[in-house]
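Open the model in your viewer and keep the selection panel at hand. The stops below are given in the order to select them.

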Amino acid sequence: MTAEQMWKEFTAARPEFAGAKYEAWPFGGAPDALAELTLRGVKTATASAHPLYELEGAPLPHPGDLSIVLDGSDGAVCVIRTTAVNVLPFLEVPTRHAWLEGEGDRSLVYWREVHEDFFTRELQAVGRAFTPELRVVCEEFEVLWPRAV
């Protein structure tokens, strides 16, 4: 299913969102596995490198933003709504956020290991270097469609 098809189904069932704007995107790293965790209600947060927003001239997410999560083949998986956004240094990302991301054993140790590797690769691709002071955009969200199982 395409993002447009999912949006039509969603707004037909939830007409209060008709006319709202949304973005469609896959999670980085392992889009299929992360989309599945989101659909199951395990993953309710994500993190991204703040410098990439600046380089792309993209706005930061805000509470209330709507998105369609895509899988690795750009198929629509679910509609989410951002509920909270915090920007903080990598080393200050709290244990709670690691748990909400739902990955691995959900520990902060695991989160730091995986995200340091991911952010290092992302930043190298644009000529930047990872540092522990990297500002991280920590976003929390809820699944609106279909309901998490």
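The tour goes from a helix to a core and then to ring pairs.

The model is predicted: local features need pLDDT of at least 70, side-chain atom pairs count only at pLDDT 80 or more, and totals for chains, interfaces and linings use all residues. Residues are numbered from 1 along each chain as its sequence is written, and side-chain values use heavy atoms, with hydrogens and water left out.

Select helix α1, residues 3-13 (helices are DSSP runs of H or I, at least four residues; strands are runs of E, at least two; both are numbered from the N terminus). Ala3, Met6, Trp7, Phe10 and Thr11 are buried here (under 20% relative accessible area, with exposed over 50%; 1.4 Å probe, protein chains only). Lys8 and Ala12, on the face turned away from the buried side, are exposed.

Next, select Phe90, Trp111, Phe119, Leu134 and Val136, which touch the most other members of the 16-residue largest nonpolar core (buried Ala, Val, Leu, Ile, Met, Phe, Trp, Tyr and Cys joined through side-chain atoms within 4.5 Å). Helix α5 (108-124) gives the most to this core, with five residues.

Now show the rings of Trp7 and Phe10: their centres are 5.2 Å apart and their planes at 50 degrees, so the pair is tilted (rings of Phe, Tyr and Trp, its six-membered ring, pair with centres within 6.5 Å; planes under 30 degrees apart are stacked, over 60 edge-to-face, the rest tilted). Phe90 and Phe130 have centres 5.0 Å apart and planes at 90 degrees, so this pair is edge-to-face. These two phenylalanines are 40 residues apart in the chain.
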